[in-house]
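Here's a quick briefing to read with the model open beside you. Take it topic by topic and click through the residues as you go.

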Amino acid sequence: MMKILITGDSHTAALQRGLKALRAQGALREGVEVSVTPLGGGHVLPTPFWRDAGDHAEIIAPGYRAQFTRLPPQQPAPDVLGLCMPLWPMRILHRMAGEKLALADRIADHATVSKAVFRQLVQADQQHVLGLIDLFNRIRMPCVALSPPVLFADHKVLSRYPAAQALRIFDTYRAIMLTELAARDVPVIDLPPEARQADGFMRPDFRHDDPQDAHHANAAFGALMIRRLQDWAQDRAQDRAQDQASSTVRPA
């Protein structure tokens, strides 16, 4: 039985709801036990929210300690940590919209930010998450990253920022982080292409049930991602079984 604990920002709520729906439908896979415990709001992630305690990360952000005092937790101990943290660009998008900055485009009344400077902004935004992943790698705690939704077409930021530029920021941020994760050998449970519309925005049927919330996804999105996580876990278990079988020395 592979035990996967998912934690992260507010987008874990959709995963939690999706997991509950799949459980009610009896649609969870055998051999994979998934649990979801949100860590807290994503606004804390760019801050020093943890401390290196050698064989674990001590969680020091007060708002996060209500959920975990350490990662990975001791009891119950997960086999894999699922992180819903590294692929959400909205903090940078809000900053660029507020400061009237544009990524590699000339937009009236906006200063242009180069791709190199933008990369530095992304790395600063995610430095503590990436540091946490580095710690997990050091202590050999397997982890996997789960993608939140991308931008919904009715998000309020689009009332004050060009849609094409917002999508460019989203996709460039994600591309930078996907490279950072690959460099750390972190698998990614990413959005399937059919989750996005032809224009690049998130499909509205995955939008949160609250009409005022154009930020988060719904239980259907959460169930989609949990199913993809289970597929990954089963493939990983099969690969490990095959590796173990091939390494077994058979008597002549």
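This is a predicted model: local features need pLDDT of at least 70, side-chain atom pairs count only at pLDDT 80 or more; totals for chains, interfaces and linings use all residues.

Residues are numbered from 1 along each chain as its sequence is written, and side-chain values use heavy atoms, with hydrogens and water left out.

**Aromatic pairs**

- Searching the whole structure turns up 3 aromatic pairs. Rings of Phe, Tyr and Trp (its six-membered ring) pair if their centres lie within 6.5 Å; planes under 30 degrees apart count as stacked, over 60 as edge-to-face and the rest as tilted.
- One of them joins phenylalanine 49 and tyrosine 64, which sit edge-to-face because their ring centres are 5.6 Å apart and their planes meet at 75°.
- Phenylalanine 49 is in the loop between β2 (32-36) and β3 (50-52), while tyrosine 64 is in helix α2 (residues 62-65), so the pair ties together parts 15 residues apart in sequence. Helices (H or I, at least four residues) and strands (E, at least two) are DSSP runs, numbered from the N terminus.
- Both partners are buried: phenylalanine 49 has a relative accessible area of 0%, and tyrosine 64 has 2%. Buried means under 20% relative accessible area, exposed over 50%, and partly exposed in between (1.4 Å probe, protein chains only).
- Phenylalanine 206 and phenylalanine 221 make another edge-to-face pair, at 6.0 Å centre to centre with 70° between the planes.
- That pair links distant parts of the chain, with phenylalanine 206 in the loop between β10 (188-189) and α7 (219-247) and phenylalanine 221 in helix α7, 15 residues apart.
- Phenylalanine 206 is buried at a relative accessible area of 9%, and phenylalanine 221 is buried at 1%.

**Nonpolar core**

- The largest nonpolar core has 81 residues, and Phe49 and Phe118 have the most contacts inside it. Such a core is a set of buried Ala, Val, Leu, Ile, Met, Phe, Trp, Tyr and Cys residues joined through side-chain atoms within 4.5 Å.

**Helix α1**

- Helix α1 (residues 12-25) has 14 residues and reaches 20 Å from its first C-alpha to its last, close to the 20 Å expected at 1.5 Å a residue. The expected span is 1.5 Å times one less than the number of residues.
- Thr12, Ala14, Leu15, Gly18, Leu19 and Leu22 of α1 are buried. They cover an arc of only 150° around the axis, which puts them on the same side of α1; the arc is that of the directions from the helix axis to the C-beta atoms.
- Lys20 and Ala24 are exposed on the other side of α1.

**Cysteines**

- The structure holds 0 disulfides, a disulfide being a pair of cysteine sulfur atoms within 2.5 Å.
- The sulfur of cysteine 143 is 13 Å from the closest cysteine sulfur, in cysteine 84, too far for a bond.
- Cysteine 84 is buried, with a relative accessible area of 3%, and cysteine 143 is buried at 6%.

**Glycine 98**

- Glycine 98 lies in helix α3 (residues 90-98) and counts as exposed at 55% relative accessibility.
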